[in-house]
Amino acid sequence: MALTGIQILKMLPKKNCGECKIPTCLAFAMKVAAGQSEIDECPYVSDEAKETIGEASAPPIRTVKLGAGDSSFTSGGETCLYRHEKRFENQTGLAVRVTTAMAASDVDGRIERFKTLQYDRVGVNMKAELIAIQDSDGDGGKFSALVDKVLADAPEANIILMSEDAGNMAAAAKACGDRKPLMFGATEANLDDMVAAAKDADCPLGLKGSNLDNLVGISEKAVAAGLKDMVIDTGARTLRGLFEDNVVARRAAVKSKFKPLGFPTIAFPCEMSDDPMMEAMIASVVMAKYAGIVVLDDLQGEILFPLLLEQLNIFTDPQRPMVVEEDIYTINGPDENSPVLITCNFSLTYFIVSGEIEGCNVPSWLLIKDTEGLSVLTAWAAGKFGADLIAVFMKKAGIEDKVKHRELIIPGYLASMKGELEEELPGWTITIGPREAGHLPAFLKEWKPAA
Amino acid sequence: MPFQIFEGKMDRKPLIAMDVVDVNPEEWPEPLKRHFSDVLDNPLAWAKKCINEYQAEAICLSLVSTDPNGLNRDSSEAAKMAAEVINGIDVPTIVWGCGNPDKDTDTLRELTSLIGTKKVCLAPLEDANYRSLGATAMAFQHPMVAASPIDVNLAKQLNILMENLGVNLNTVMIDPSVGALGYGIEYTYSVMERIRMAALSQSDEKLQVPIICNLGREVWKAKECRMASGEDNMGDQETRAIMMEAITASCMMIAGGELLIMRHPKAVNLAKAMVDGLMA
Ligand code: SF4
């Protein structure tokens, strides 16, 4: 169980010196308890206290890091079963698999698509983050060559090494250098050698069980051998089995603090279906239900993009609405006679409104005002969408230089603001738009600038 | 929770209804339209095609044409057409109004007088018209859909109001107002999980009601379903749109959706295959 602020306070020196950048020890203790500050920020706590606090506040699913630098990948760190309870911390990583049994052109194609299939949405760069490299036949030479190739051709990729040969694995891990790979493939049979290799390389180890119980056994042994960073696979290769194991493992770790299952999981839809669309459906299920990493056979834009959208949506923090930047957005190539609309910067509102405008092909200027992610009505009630603020924003954005007319279309829900806005924006006509975005197309098609 | 059959029974698979629109949907993207190209002008033939060719287990007849902000087709005319469709098919059917409370009351009332003893599910009953439509549905013993804006408490409140009216909650489904993948699905997802949790863990009887997700119409509005093949690295248009719809369905079923309304035959098949995989 996490410690309370008071329990943490007892372990602090109570100097109230402020070196932790928080004025008092009590305030600092509260922040640590809430997970908003790290205990390390206080230079005066004993190592012993650090360990106690660290242990107590560690999430039930261990946080495991791969790679290096800016493109590193983090998995785990989860603390709940349902995203509405708090949030999901680290999004499921999508991986593409290449194998030593594949033709060179198939490998090249996958690496190429890995690099090019990236998408920007609400300021987030969405992409697959990992490449899994599989040793198909135990040929160490071929495996090393493929690993070297991927390392060289995909410098941003985080690496999963897949081999059951500890020797091949050790060599490959060495080649990865500081781009920490996940060493996947410790089974009951090769566990000791794999644990040694993982310790030697200082990399996370992937455990592969033949079923849930078998995995728990392997995990207990690995923990006893002193390993900390692991990723687990129960071996389930049916959708029902995989879903069940994922739910059971997450629940055991979060609810019962069952340590052997307190690690991120890895799933292999690539081994579960030959149909890329069905493979994506499996990925879709386990992304929502607890896979830390999902390995796909290939990447294609038409399938990867929807999966990435799910990843983005499910792993959004429910307590922090996604926002778009305050700006003037051009839709369908507007000119000086095109309508000017304004709304809030809650990303959902933006997507729906801009989608409707785009769909009806009317060139328009869409002003997005920073409302701290609040929806139109809430923002207005909270004083973040007042007439004065809108006036300031419109001046700053420079919309007057972009259009000849002076007519602003406001959301229908803010009809009562018309008068105030006309006072704040002399020379502008305020037009009340529809309440529902769905009625925008009809509205815009009829629209003519006020004479 | 859904599909956790290792610890509890899940007696019924989620049901998927295919969407039939009562007027030629000009705005549908080509990769969707082409599967219905010979029946787009004939709702009855369309419904039959869904059932016979695409193995639809249920139909949702969407009365888009009655929208006062759109075609504004006369209620009695629309009801007559709807009755023809309903009398011509033999699978569970939902009749979904245009979303204008007054107009829907008129049309659906008219409809109930035309279909005799045949049962259809009436949708949507909202805050503004649950009294009138609820009374009609009760009188003719039709099941109904209670639609509320994406919020656990609003869903509960409407169910309480319906019960006060005398409606048996056994005849009600909750429509939590769903958002598509990329368009607010995270809100839908969590509201649905919370409704399910309240119903199952806290035994909140007012929320022990199946959830219906009218997702096809949301998904196919999305820009990503309309962008041509090859644009912005997003690959083939039809496959992309199918995946948008199928993954939206996947998320909703995982979160507790029991009846889904969908459009593309391939997306329906993928969703069914997923259910079969989870319940195998
Ligand atoms: S640095 Fe340590 S001792 Fe100083 S105020 Fe912060 S918690 Fe207290």
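Visitor: Which residues are buried in helix 2 of chain A?
Guide: Keep in mind that this is a predicted model. In helix 2, which covers residues 25-33 of chain A, the buried ones are A:C25, A:F28, A:A29 and A:V32.

Visitor: Why do the buried residues line one face of helix 2 of chain A?
Guide: Looking down the axis of helix 2 of chain A, the buried residues fall within an arc of 100°, so they line one face.

Visitor: And what covers them?
Guide: The cover includes helix 1 (5-10) and helix 3 (47-57) of chain A.

Visitor: What follows helix 2 of chain A?
Guide: A:G35 does, and its phi is positive, near 75°.

Visitor: Switching to A:E38, where is that?
Guide: A:E38 is in the loop between helix 2 and helix 3 of chain A.

Visitor: Is A:E38 buried or exposed?
Guide: Exposed: A:E38 has a relative accessible area of 54%, and the cut-off for exposed is over 50%.

Visitor: What does A:E38 touch, leaving out residues up to four places away in sequence?
Guide: A:F28 and A:V32. Both of those are on the buried list for helix 2 of chain A.

Visitor: OK, now the ligand. Which residues are around it?
Guide: Among them are A:K15, A:E19, A:C20, A:C42 and A:Y44. From helix 2 of chain A, A:C25 and A:F28 are there too.

Visitor: How does that shell divide by residue type?
Guide: Eight are nonpolar, two polar and two charged.

Visitor: And what kind of space does the ligand take?
Guide: The ligand takes the second largest cavity.

Key: Residues numbered from 1 in each chain as written. Chains lettered and ligands numbered in written order. Predicted model: local features only at pLDDT ≥ 70, side-chain atom pairs only at ≥ 80, totals over all residues. Heavy atoms only, no water. Buried < 20%, exposed > 50% of the residue type's maximum accessible area, 1.4 Å probe, protein only. Helix = DSSP H or I, 4+ residues; strand = E, 2+ residues; numbered from the N terminus. Arc of directions from axis to C-beta. Contact = heavy atoms within 4.5 Å. Near = heavy atom within 4 Å. 1 Å grid on protein atoms, 1.4 Å probe; cavity = no way out; pocket = protein on both sides within 12 Å on 5 of 7 lines; lining within 4 Å. Sits in = over half its atoms within 2 Å of the grid points. Nonpolar A, V, L, I, M, F, W, Y, C, P; charged D, E, K, R; others polar.
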